[in-house]
Each structure stands twice: as C-alpha cells, then as structure tokens.
Amino acid sequence: MPEVTPADPAYLKIENLWKAFGDFLALSNVSLDIKEGEFVCFLGPSGCGKTTLLRAIAGLDLQTRGTVHQGGKDISNLPPSGRDFGIVFQSYALFPNLTIEKNIAFGLENTGRSKAEIAKRVASLLDIVGLPEQGRKYPAQLSGGQQQRIALARAIATNPGLLLLDEPLSALDAKVRVHLRHEIKELQRKLGVTTVMVTHDQEEALVMADKIVVMNHGVIEQVGSPTEIYRAPKTLFVAGFIGEMNQIPAQAGAADEVVIGGVTMKSQSHGFARGVPIVATVRPNDIIPHGDGAHLPGGDDAIQTEENVLEVLVDEMEFLGSFWRCRLKHDCFGDGELIADFSVNAVRRLELSSGRMMTVELAQTRMLAFDKPEA
Amino acid sequence: MSDARMGSIPAGPRIKGKLSRDDLIMRGSMIVIALYLLITMVFPLYAMMSKSLSTYKFDLAAYEVQVSGEEGTVFSDPVTFAELNETQEALHAGDLLAGSDGRLGVTQFFPDFSFRSPVNYRIRNLDEDGRFLVGSKLIDNTDWLELDSNTFRRVQLRPKKDIGLGNFTTYFSTPALSDSIKNSVMIATISTIITVTLAFWFAYALSRSCMRFKGLFRLIAMAPILVPSLLPGIALVYLFGNQGMLKEALFGASIYGPIGIIIGSVFFTFPHAFLIISTGLAISDARLYEAAVSLKATRWRTFWTVTIPGARYGLVSAAFVVFNLVITDFGLPKVIGGQFNVLAVDIYKQVIGQQNFEMGAVVSVVLILPAILAFAIDRFVQSKQVALLSARSVPYQPSPNTRMDWIMFGYASLVGVFLIGMLAVCQFAALVKFWPYDLSFSLNNYQFNKMDGGGWAAYFNSIKLGLLTAVIGTSIIFFGAYLVEKSNGFRTGRTIFQMFAMLPMAIPGMVLGLSYIFFFNNPDNPLNVIYGTMTILVVCTVTHFYTVSHLTATTALQQMDREFESVSASLKQPTLKLFSRVTVPVCLPAILDISIYLFVNAMTTVSAVVFLYSHDTALASIAVLNMDDAGDIAPAAAMGMMIFYTNAGARIIHLIASRGIVGRTQAWRKR
C-alpha cells in the first residue's frame, strides 16, 4: 500500500467530479475525502448518483470531469485493471461454473504465487468469511448470504487498498441482512481496509458506517458520522431521508424560536429572519409524553421547555411491536397531524388510547428549522 | 434541472480514459471481425450495386476511319462510324446497347466491303479511352492504324462503360423479366398465408390440447429444416409429375409452376413458422385464461380475445420470415417452376444462362428490396414481443377435453403425414430401380460417381464445408458477439458492428453469391486467389448465416451477469482468461446450438454457393440440383436423402454431445 503522508490524510480524494449522461447530470461537482481505514457509506434514494460515484472510483464508468486520487496517486483516467480495489456487487457476480475455491483463487492466479500458496490463501479466506469446508461446491449450491461472503472473500483475496461494496446486502432477506451487516463491519475492522459501500438502506448505513455521505440529485447533501447525520441534519432532505421526521410548516420567530400555527416554540438556533416561512422538524421519538405531574417542578417527569408543551388529542394509535405510533391533533397543526412514537411502557403508564387528550413536549434540542422547499 | 444547487458542467475537456491492454485487444479484435464482415459482405454488395448501374454502349462517334481507293494508297477524308451509320442506317439505337464484353464488327458500315478487295483502311480512336480489337489485340491509343481489308474484317469495337439507370429501364420495359416480380410476390403471399395458418393450428394443437405424441409431432415438424429446399420439388415431381403416382388428383393442372412452388414452399418453410408461432403461444399467461373462465367467456370468445392477441406478434413475425424465405428461395422454383419465372431463378438464368451479369445484378437489387422490407418489419415486431413475458406470468397448462384432443390429433396427423410423406416419397424414389417401369428396389441410384454433379466427392465436400463452417463460423460469430456485448465504451464502433451483424439476414443467398462473383472474381482483387476454392464457400456460408447465429450468441451473453468483466478487471486478470474460463463454458449450450445450425444450413444451402462452387468443390446440395437438371431425378432424390440422414445424424450427435458436455461442464447448474 502506498505511503500516506500526514499532511494529506485523505487516502481517497475526490475533487470536483462531474458526470453527465447526455443532458442528465448524474454527478455535479462532487468533492469528498476518505481517510485510510474508514468505512464510508454512500446513502441516498435511487438515482441520486451514489452508484455512479462508486463506479467512477472503480473506473468502471469514467467521470466526465474531475479527479480521483488514491493513496496520493492520480487515478482519474486509469482503467479498472490499473487501479487498486476489490469490488462486491449486489448480484455477487460469482462465476457459476467455477467452484468456490476457484472463484476465490481467480484473482490470485498469474500473480507469481505458487499453487500451494494460492491454496493456503484460499483456505484462510474461507476461514475468515466463516465458510471452511465449502470450497469444492459451486455457487448455486450455496445460499444467498453464503454467496455474498464468497464474493467478499474473492474481493479481498489480493489485499486491495480499497474495498467497494455496491448494495451488497439488498438481494438478501431481512434476517440474513442484519447478520451479515455485523460480519462485514467486523471483517472490515479486522482488515483495516478502506471501504466504500453504496446503499439505499439508511439503517444499514447508520449501523455500519464510520462516515455517511448522503446524496440526492447528484450532489452531496451532507457528510458526517451516523449520529451527526441523525441528530443534526444539515438539510431538509437529510432530515426527511434518515429516520422518521415530522415536517411542520411554520414561520421563523426569534433566533431560537419557530412559530407553528400561532404558537411560538423554542428550537435550536437558526439563521432565519423573523416571519420567514420555514419548515420546522422534530422526530416522532423526540416528542416527550407527560403525565399529570409534569408541571410540578423537580419531579422526574419534569418539563424542560414550558413553551414547547402542547395539550393534544390522540387521534389514532398504531401498534408497531416495540412502540406505539400515535397521530396527535392540535389546532396549531391545522389539518395536519403530529406523529409521535411512544414506548409501550409510556402508553401503559399514561393509559393512552385514541380519543383522549394528553400533554406532550416537543424537545427543544431536537427541534430544527429549514428552508421551505419550493413547491 | 430545477434544483438551484445544481450548476451546469464547467467547460473544458472531458476526461479521456486510458485504455487497458484488454481494451486494446478487444477493440482490435472487433475491428478485425468488422473488417471480415466488410470484405465478405459490404464490399461484394457494393460491387454488385455498382455493377447494376454499369451500362455498356458502343459509341460510334469515338472512332475515325479512312478508306483508300482500289490502288490502296490514296485515302479519303476521315469519317466517324456515327456519320457512316447515319448514311447507311445499318444499326439502330437499340443495337448499340451491349454487355461488358460486347463486340461490334465494323464491316457492316461498308456495304461494298469485300475481304479480297485491295482497298486499305485506316482506323483510330478519337478519345484517349476509346478501345477496339484487331483480332484479339486491344488498341487503346489514338494513332492511325493502317490495315488491309482482310485484317480490317477482324476489327471489333468495344463498348464504353457508363453509370446510369439504363439497365433498370431495360428491365422494367421487358415484360418477360419484370413479370417475375408479380409472380414472386404472388407465390410468396399465397405460401405465407397457407404456411402460417397450418403452422398456427399445429402449434395450437401442441400447446393447447392434451393430445398424445406431442414430442413426435414436434420432431416431425422440424424435419424439413434438414433437407435442401428443392427436395420437396423432387417429391412433387414423383407425386404429380408427368408420370406421377397421383397425377389425376390435380385434374389436369400441371405441378410444374405456381402450384408446385407453393406446395413445396409450405413444406420447407413450415418448421420456421411453427417455431416462431409456438414460442408466441408458449409465453401466454395462464392467469388470462383463468380470468376468461371466471368471466364466463365462451371458448370462441376466449380464443379471439386472449389467444390471438397473445400470439399476434408471433404470427406477424412468422408471416414475414416465411415471405422472405419463399421470395428468396432458388432451389424449389428451379426444380418445379417450369416456365413460371420468379426473381431468384431469373438471377441464375441471367448469370449462368445468358452471362448477362449486369442484368443479374439488376434482378438482385429488385429482389433485395422486398427482402429488406420483410426483414425490417420482422425485426421491429420481434422487438415489441419482449415485453409480453413478465417474470410473474404463469405458464398455461391445457386440461384434457376428449373431443377437442382428438380433433387436434387428427389435424396434427394430417400435417405430419404431409411432411413425412414428402420425405418418404423421395426415399422411395431413390430406392426404386426405374420409376415407373421397374419398381424393384436397388441401390443403383446411390452410385453417384456414375452421374454428373460431382459424385460422392460432392457429398464429402458438403460434410467438409459443414464442419469448417460450424467450427470457423461459430468461433468468429461467438467471439464477435462477445466483443460487441462486453467491450467498454467504443459505442460508435459497437453500433456499426451490430449493424454489420444484422445485415446478412436481409441479403438473399442468390444476391450474396452473385456479389461474390463480382467482388472476388475481379482480377484486380488480391483476394481472388480464394475464388473457386473451399475457402470462398466457407466464407460465403458463414456470412450468409451470420445473423441468426449472432443473435443466438447475443441472447446467451446477455443472460450472463454484466459485472463479470468488472470483477475480472478489478482482480487484474486478462479478459481473455475470463472469456475462456467462464464465458465459453457457461455459454456452451448456445455455442453448440450455433454450430449445429451452421452445419445443417451449410449442408442444405444452394442459393449462395451455386455461383461459387468449382469442379473440385461441388457440393451435395448442388449435386441434387444438377442431377435433377440433367434428368437424373432418382439419384437427385437419393443425394437429397443423404443430406437428410447426415443432418439427422448430426442433430443426434449434437444432442448426445450437448447432454454429455453439459452434464460434465455444467454440473454447477444443479443445486
């Protein structure tokens, strides 16, 4: 692996990348630094350009403009075979007529390794991905999850400096997917290989990534750690795309106030001028249910911000297993509703049912204000 | 873009990717195969087109003559032949039209010419490009040449070449020629209607009823593919010819003509129509039938609202394929057409019979037009069909219905008897000693060496051609399809290649063969060394059957994961290693299908190679034609059946080989 000088900590440096398909811009002016050993997820809805960016990094579909440096070397116009990466596709792309061993050994041949060395390396890779003894089978004889692990083993066989994963888990069923998430993450940590994964599954990204790159319409919306992305979305798109989010039409009040239907509430500070139409956001699980004693100071059910308390009507309740999803009505929302997720415990304690009135608080620290999108 | 943050792309050069070694190898190979198609198809076709536009005419104004008196020394003033002709009125404008090797004697311009007279003549070209012959010596300068009258007798003018539509004018103003267009279209239309109707009900019986022996009927339906198209002609001669077994059944009408051509065409196009239509019927969705039943639709209504719309693309496609096959077929009308002229035979007559290559080229151009049109419509219709089959379709399973099943069985049996009957008649004819006088069996008719047509050598040449075509053709075509499917970038190159690969299907065999004469028999072409060899036959056959094979290969390749090449490149392995280790083994069933297709077609083809075989490279299918032409009909039938058995054998070997190889190399398919 090439030396990375401390002055330039980015192992993979993407600068001003553009990609046009005819008139359609799939990537507009994308710049991104990825540190050595990092696990980065490109996250976004389909058509946002995340796969295009991955394929540009791999050299499979060259960008129209812009540069890519890997380990300090300009790889902008190199063909895939001139770059240093291993790749795993959603379809696994295992060679169906070759045994598992031969699939893994495919990249080790013609590299000056002896047959014995190759066999040893293949055996150890099968161990690493947890499928020893399966080497003589054909891919079709393995389950989807097993095939994906073989594809992973094949990709890391030659110790590439960069591991690219293109929606590697989306063809698998839910349970296998959750299991493999942890295995891949574990393996990546053990090998320390810089990894870029493309996914449209936000949960996957939140669980696996050191750094998430949220993309939309060919631009990067935000780069940050999973908690940053979740707690402090920089744009309304990110706020809406990651997790559930109430998006409430409102006006800006003072620097840390939003006005919802005439009710002024405290929020995180924002830069909007007073009276500007905005969208106020708060997550369903950042709506705190309060009982009768809530207004008493000092109690364990104490209200944090008196301005953010609303007396609401519980309109509908939906049981989602580990929590209840409630639709709350209040005059300030007009025809709209506030969605709140309450724990099973809270619902039992507060004896909530639809048709009842209750007290809720919209957590000030989680209340954000964004530009109103053009219609 | 509505999004405000999205700017427009900055000016400046695009990133140009460096090509890997593999990219270079793949592009290079693609160019080589494209060049192959250019040389074996595009250039010959161009040669033919330009031939059809070449007109030859004697230009009388291009020569001057002087005549001496009796004493032989005092010459008159120079005068052109045009001026002489005006006074003599020896020749009319129509007499001055000529072929490329036309010659015109000059003594007719001198009414009192005598080769014994002491008069001397002087002659010269007026133009730099004027030419005339003295005996066999070509004079192409403008110097005066003095000749005695005995030598002057041997002066012949050569025609001047011109570019224009003259040949086409001649063609369309000669009813004997242009009537063939009407004849060809009529034959093709009637045959198409009959074949498609018969094939539809046959396919319907096989897919929508629970009748017995479906496998056997499917086999019988495919049998005509294994014989040359002229074989049914021979069978018809035996059945309905002048000494035919069932001659009375025609009530005095002659089998030699449209009736014979149509019956034979139905026979040899049946499998093609059946294959296409049964594919169309097979992809129907059982849920539609369930819906029809639950809506209480009658059988009749279900047929018209579910079955026919589902199969309509198949029907249209089959109709155009059959039309194309019939209108371009040469063997059958040659054998049974009698005096009834059709386009494909006209080409042959013009070229082989009258040595009028320009007119042959004109008929070829005329024949290409309907063929290309039918081809284009068929491609369009087929591209529509893809969307019909959704992954969630449920295949239709017929349920037993005794009455309907027996009706269908009866119908299928009738068609089966027709198809097998034709072959049986040929086999019978081949074994009978001397029809209709001595009906005892013998193998006399198999002593091909005693007949004209090439003998047993022709049969073995055919097998050689079949094997070479299968091996070389499959390699070129599959590799070419791989390159065009799996190369990176190079979009223009790939589009052009794809176009080249689709073109041969639209070119009738006769036209291709004739084009080869024009292109490869040109002494200026360094490739003319292959003229008259086995090589040109292989090259011609590969090109002739390129498209279907290419499409088979493309379909198989498209089913492979698109990312194999990406993975291989990321592992820094050469693409050719991937090709040989993965692509070829996985596509082996398709590769075997292509080889057997090429082999069978090389064995049966007549049209393209009829212009190209030489004494040493006579072929079995050509031998059938020539023996029939020479009146040796029984041996012709015998040779035709040899082709049938060889192809049937090849099919069986192919089947066993496929099973064996697939069993060994495709173990991965089993779970």
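I take pLDDT as the predictor's confidence in each residue, from 0 to 100. I take helices (H or I, at least four residues) and strands (E, at least two) as DSSP runs, numbered from the N terminus.

**Entry 1. Conventions.** I note that this is a predicted model, in which local features need pLDDT of at least 70 and side-chain atom pairs count only at pLDDT 80 or more, while totals for chains, interfaces and linings use all residues. Residues are numbered from 1 along each chain as its sequence is written, and chains are lettered from A and ligands numbered from 1 in the order in which they are written.

**Entry 2. Confidence.** For the complex I recorded an ipTM of 0.84 and a pTM of 0.85 from the predictor. Chain B has a mean pLDDT of 87, with 96% of its residues at 70 or more. I then compared the elements of chain B: the lowest mean pLDDT, 78, belongs to strand β4 (residues 97-98), and the highest, 96, to helix α18 (residues 534-544). Over residues 1-6 of chain B pLDDT stays under 50, and the model has nine contacts beyond four places in sequence for them. Here a contact requires C-beta atoms, placed from the backbone, within 7 Å of each other. Where pLDDT is low, predicted coordinates should not be read in detail.

**Entry 3. Chain B overall.** I counted 24 helices and 13 strands in chain B. Its C-alpha trace spans about 110 × 85 × 50 Å along the principal axes. Of the 671 residues in chain B, 44% are buried (20 or more other C-beta atoms within 10 Å of the residue's own, C-beta atoms being placed from the backbone). Among contacts in chain B with a separation of 6 or more, 79% join residues 24 or more positions apart.

**Entry 4. A sheet in chain B.** I traced an open, antiparallel sheet of four strands in chain B, in the order β3-β2-β6-β9. β3 (79-80) and β9 (145-148) of chain B are at the edges with a single partner strand each, so one side of each has no neighbour in the sheet. Pairing requires at least two bridges found by DSSP between two strands. Strands β2 (residues 63-67) and β6 (residues 120-125) of chain B pair in the antiparallel sense over five bridges. Within β6(B), B:Tyr121 is the bridge partner of B:Val67.

**Entry 5. Interface.** I found 38 residues of chain A in contact with 36 residues of chain B. On the chain A side, β1 (10-21), β2 (24-35) and β6 (86-88) of chain A are the elements that give two or more residues. β2(A) gives the largest share, three residues.

Definitions and conventions. Contact = placed C-beta atoms within 7 Å. Buried ≥ 20, exposed ≤ 12 C-beta atoms within 10 Å, placed from the backbone.
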